[in-house]
Amino acid sequence: MALRRPMIAGNWKMNGSAELAKELFKKFTAKLENDSAEVVLCPPSIYIESVRQQLEANKAQLNGALVRMGAQNVSQHDFGAYTGEVSAKMLNDAGCQYVIVGHSERRRMYGETSAIVADKFAAAQKAGLTPILCVGESGPAREARRTFEVIAEELDVVIEKNGTLAFDNAIIAYEPLWAVGTGKSATPEQAQEVHAFIRSRLSEVSPFIGEKIRILYGGSVTPSNAADLFSQPDVDGGLIGGASLNSTEFLSLCSIAMSS
């Protein structure tokens, strides 16, 4: 992990407010001290501009800390009659550098297949965004010992469309579905086992990319379990849900990542 800068990405989901952004940056400017970890904020799309303005207004007071803008979702289409959708170019224009694709809630609630996720991955990169690709298994799949099989299938569809080299500009987030929003986190050993598998899978084609790519853990990460998770050799930070809505907890996670 010494060659990979840790990342903490806050996924607000359909939560948050303009006031939350102000509170976050007030604490960021007082507490973030260096660029040893990268922080990505992914608010609902309607708040992206408000958060971006807070980032710009406070940039000089961030003490060199790397705080970036991200989005929670993106259309696989460049433009057209897709009411309610937001294109990758629009997100780029709005100041985003990252976008989450394939989150388990998008797959489960909105029927996003791995093929659609692969198209969104491609659209993000085409517009200059870095996709944060989410992969993970359900509780029944883990109980059936199919974790690696499920994750390999989700990765392979993206690789088939985009090529392994596309992961030179991507982040992967392992989010076990049985842990997302449940308060039940994977153990550090469970997380490490899956992260090592993902890294090995990509290394089969490109050892350089396999070593370079950052793999985040997502699933009920809190300040109480983050240090043990982030200390694992193949865990490069976290995709944070609920804790990203609490400025004190989120700042604590950023500090843990910076010292991991």
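Biologist: How do you know that the span of helix α8 (residues 188–203) agrees with its 16 residues?

Modeller: In this predicted model, the 16 residues of α8 should span 22 Å at 1.5 Å a residue, and because its end C-alpha atoms are 22 Å apart, the two values agree.

Biologist: Which residues of α8 are buried?

Modeller: Those that fall under 20% relative accessible area are Pro-188, Ala-191, Gln-192, Val-194, His-195, Phe-197, Ile-198, Arg-199 and Leu-202.

Biologist: Why is Ala-127 called partly exposed?

Modeller: Buried means under 20% and exposed means over 50%; Ala-127 has 21% relative accessibility, so it counts as partly exposed. Ala-127 sits in the loop between α5 (114–126) and β5 (130–135).

Biologist: What is Ala-127 in contact with, leaving aside its neighbours within four places in sequence?

Modeller: With heavy atoms within 4.5 Å as the criterion, Ala-127 is in contact with Ala-88, Lys-89 and Asn-92. The C-alpha atom of Glu-249, 122 residues apart from Ala-127 along the chain, is separated from that of Ala-127 by 33 Å.

Biologist: Which members of the largest nonpolar core touch the most other members?

Modeller: Among its 68 residues, these are Phe-28, Phe-167 and Ile-198, while helix α11 (residues 247–259) gives the most to this core, with seven residues. Another core, of twelve residues, lies apart from it and includes Val-40, Cys-42, Ala-173 and Leu-239.

Biologist: Which residues does Phe-167 touch, not counting those up to four places away in sequence?

Modeller: Phe-167 touches Phe-121, Leu-133, Leu-155, Val-158, Ile-159, Ile-172, Leu-202, Ile-209 and Ile-213.

Key:
Residues numbered from 1 in each chain as written. Predicted model: local features only at pLDDT ≥ 70, side-chain atom pairs only at ≥ 80, totals over all residues. Heavy atoms only, no water. Core = buried A, V, L, I, M, F, W, Y, C linked by side-chain atoms within 4.5 Å. Buried < 20%, exposed > 50% of the residue type's maximum accessible area, 1.4 Å probe, protein only. Helix = DSSP H or I, 4+ residues; strand = E, 2+ residues; numbered from the N terminus. Expected span 1.5 Å × (residues − 1).
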